[in-house]
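Please give me a guided tour of this structure. I have it open in a viewer and want to know what to select next and what is there.

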Amino acid sequence: MAKPKYTSHVGMVDILPDESPKWRALETIIHEEAAKFNFEEIRTPIMEQTELIVRGIGQLTDIVSKEIFAFEKGDSHYVLRPELTAPVVRAFVEHHLEQRGGSQKLYYIGPMFRAEKPQKGRQRQFHQFGAEVIGSDDPVADVEIIALMIRIYQRVGINNFELKLNSVGDPESRETYKEALRSYLKPNLDKMSELSQKRFEKNPMRILDSKEPEDQQFIESAPVIQDYLNEDSTEHFEKVQQYLDQLGINYTIDPHLVRGMDYYTRTAFELISPDLGSQDALAGGGRYDLLVEEIGGQPTPAVGFAAGMERLLIACEELDISLAEEKTVDVYFVTLGDAARTWALTHLPKAREAGLSATMDYKGRSMKAQMKDADRENALYTVIIGDNELNEGKFTLRNMKESEENSLTFEEILEKLG
RNA sequence: GAGCUCGUAGCUCAGUUGGUUAGAGCGCCAGGUUGUGGCCCUGGAGGCCGUGGGUUCAAAUCCCAUCGGGCUCCCCA
C-alpha cells in the first residue's frame, strides 16, 4: 500500500470510530467504580516540568533515562508525562489539597507518553487509569487501592490474573537491606550482567528484578528484604496481607518484585495477566511515603496504582469480552424529493428533543441507497417521507427489524418511539 | 539500544522457474425493482506491487539500501 503523505507518529495510534465505544464503556466502568469507592477525579496537564518528573520518578530509572519526550521553549523545560503519580502529587502540593481535610482519594484517566519501541501492549502514547490515596499510612488505604484496582477488572469481566505483592521497606529498613545485598552480591559482581553492575551502587534492589540469565543463580539465593524490615514495616506488610485475606483477594508474595519508579516504599504490587504475552503487567503500584516531601510538600504518606488501558483491552480481546454493544440509531428519515428533505431536516430536531437519536441522508441519494444506509447504520426505524405523506400528514414508519410498516402522523411516531 | 519477520486495492490476501493491459473475497458506488434495507445477479470506481537504487531484452518476483508494520530481548502500563 502506498504510504499516505501524512501518518501519525510511530507508536501513536488513532482510536477510530469502530474502537471508541469500548474505550468509552471502559471509562464509564472506571468512573462508576471509583465513585463507589468515593474517589474524586483529577485532571492534570499533559506536560509537566522536566525537573518534577526527574526528581519524582528518579534520575536512574529507565523511564527518565531513556523514555522521556522532552523539549524546550524559551526558558521552560517541558516533558510529556510518562506517568501520573508525580503530577498528581505536584497538584496536591501546589493547591494545598491537604487543606480539604482527611485523606485525598483521587483517580485519573488519560494518555501517557514514553519514547519506547512499540510492540504489542506497548505504545508511545498509551492510556492509563489509576488512583491515589494521599495522606494515610494505614494499611487500609493500601488494601482499598488494591481492591479498587481489582474491582475494575472484575467489572470488565477479567478474572484470571495474578496479584504479586511485596514490601520494599521504609528508608531505614532499605538501607540495611541494601547493605546486606551489596555484601552478598559483591564477590560475584564481575560475573553478573553489565546492567546489574551499573545498578549495584545506586539501586541494588533493581538487580533482583533482572531477567539476565547470568544473574539468576545469584538472585535466587540472595537475601530477602522481609528479613530486614524493621518492626513498623513488618507490621504494615502483615496488616496488608491480613486485610487482603479478609477481603478474599488472592495474592502471591514475590520478594523480588521491585518496581520501576524510585519513589516506592513499603507496599509494592503488580497485577499480571496470562492473556497478554510478553507485556504481561496489567497494572502496578504501591506506597510512596516520601514523594510528597521530595516534591516540596509536608511529609505525607500515600499509596496508589496505575493500570494500562490498552493492555486491559487486549486481555478483553483474548477473552472474547465485548465491552460495547453494537451502535444503533433510533430513526432514519428517508426522503423523496426536495420538499421531503426540507421537512426531514426541520423535523430531526423535534425527534431529538423527544429523546431519540435521529439522522437522514446528506447526499440526496436514491431511496434504495437511503434504505441501505439506514440498514448499515443499524437504524431501528425508518420514516419514509414523500409527496403522498406530506399531503396526507401521515408518514410510513418502518420497523427495520420486523419489516413492518404503519402509516402514522409525526406526533404518533414520536409517541410510539419515545 | 539489539534481534527476527513482513510490506501487492479501504480491509484480508493470491500472484507458478523473472515474461504482455496485476487478481480474488469482503467493503464502497450504481443498476436489476421510475417509493423500500438485509439475500441474489450485473456492472463500476479504486493499485507508480512501501520508497530509492541496481541486475536484466524484461522485475510485484532477484540484489542492496531505506522507511514503515508486527513480534521478541531489555524495561514497563
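The tour below goes stop by stop through a predicted model.

**Stop 1: helix 11**

Select residues 309-318, which make up helix 11. Eight of its ten residues are buried, so helix 11 is largely enclosed by the rest of the structure. The buried ones are Met309, Glu310, Arg311, Leu312, Leu313, Ile314, Ala315 and Cys316. What covers them? Show helix 1, strand 5, strand 6, helix 5, strand 10 (281-287) and strand 11 (302-308), which are among the elements over the buried residues of helix 11.

Now pick Arg311 within helix 11. Its relative accessibility is 17%; the cut-off for buried is under 20%, so Arg311 counts as buried. Leaving out neighbours within four places in sequence, Arg311 is in contact with Gly121, Arg122, Leu276, Gln279, Ala281 and Leu282. For a sense of scale, draw a C-alpha to C-alpha distance from Arg311 to Gly355: 36 Å in space, for 44 residues in sequence.

Step past the end of the helix. Asp320 follows helix 11 and has a positive phi, near 55°.

**Stop 2**

Lys120 is exposed, at 51% relative accessible area. Glu318 is partly exposed, at 44%.

**Stop 3: the cavity**

Rolling a probe the size of a water molecule over the atoms shows where empty space is left. How many cavities of 30 Å³ or more does a search of the whole structure find? One.

To display the lining, select Ile30, Ala34, Tyr107, Tyr108, Phe129, Gly130, Ala131, Leu148, Ile152 and Phe305. Colour by element next. Helix 1 (20-36), strand 5 (104-113), strand 6 (125-134) and helix 5 (139-156) each supply at least two lining residues. Which of them gives the largest share? Strand 6 does, with three residues.

**Stop 4: charged pairs**

Side chains of opposite charge can pair when their charged atoms come close. The structure holds 25 salt bridges.

- Arg287 with Asp289: the N to O distance is 2.8 Å. Arg287 is buried, at 0% relative accessibility. Asp289 is buried too, at 13%.
- Arg365 with Asp361: the closest N and O atoms are 3.5 Å apart. Arg365 is partly exposed, at 31%, whereas Asp361 is buried, at 3%.
- Glu32, Glu33, Lys36, Arg151 and Arg155: select the five together, as they are linked in a network of salt bridges.

**Stop 5: a buried serine**

Select helix 9 (residues 231-247) and find Ser233 in it. Is Ser233 buried or exposed? It is buried, with a relative accessible area of 1%. Beyond the neighbours within four places in sequence, Ser233 is in contact with Gly169, Asp170, Ser173 and Arg266.

**Stop 6: a nonpolar patch**

Switch to a surface view. Ile46, Met47 and Phe71 form a nonpolar patch there, with about 240 Å² of accessible area together. Met47 is part of strand 2 (residues 47-49). Its relative accessibility is 34%, so Met47 counts as partly exposed.

**Stop 7: two backbone angles**

Most residues other than glycine have a negative phi. Two residues to check here go the other way.

Asn38 is not a glycine, yet its phi is positive, about 60°. Look for Asn38 in the loop between helix 1 and strand 1 (40-41). Asn38 is exposed, at 54% relative accessibility.

Then jump to Ser403, where phi is also positive, near 55°. Ser403 lies in the loop between strand 15 (395-399) and strand 16 (404-408). At 45% relative accessibility, Ser403 is partly exposed.

Technical notes. Residues are numbered from 1 along each chain as its sequence is written. Chains are lettered from A and ligands numbered from 1 in the order in which they are written. This is a predicted model: local features need pLDDT of at least 70, side-chain atom pairs count only at pLDDT 80 or more; totals for chains, interfaces and linings use all residues. Side-chain values use heavy atoms; hydrogens and water are left out. Patches are made of residues with over 30% relative accessible area and no salt bridge: like charges are joined within 9 Å, nonpolar side chains (Val, Leu, Ile, Met, Phe, Trp, Tyr) within 5 Å. Accessible areas come from the Shrake-Rupley method with a 1.4 Å probe; for residues, only the protein chains shown count as cover. A salt bridge is a side-chain nitrogen of Lys or Arg within 4 Å of a carboxyl oxygen of Asp or Glu. Helices (H or I, at least four residues) and strands (E, at least two) are DSSP runs, numbered from the N terminus. Buried means under 20% relative accessible area, exposed over 50%, partly exposed in between (1.4 Å probe, protein chains only). Contact means heavy atoms within 4.5 Å. On a 1 Å grid over the protein atoms alone, a cavity is a set of points where a 1.4 Å probe fits but cannot get out, and a pocket is an open set with protein on both sides within 12 Å along at least five of seven lines; lining residues have an atom within 4 Å of a point. Grid points are joined across faces, edges and corners, and a volume is the space filled by probe spheres set on the points.
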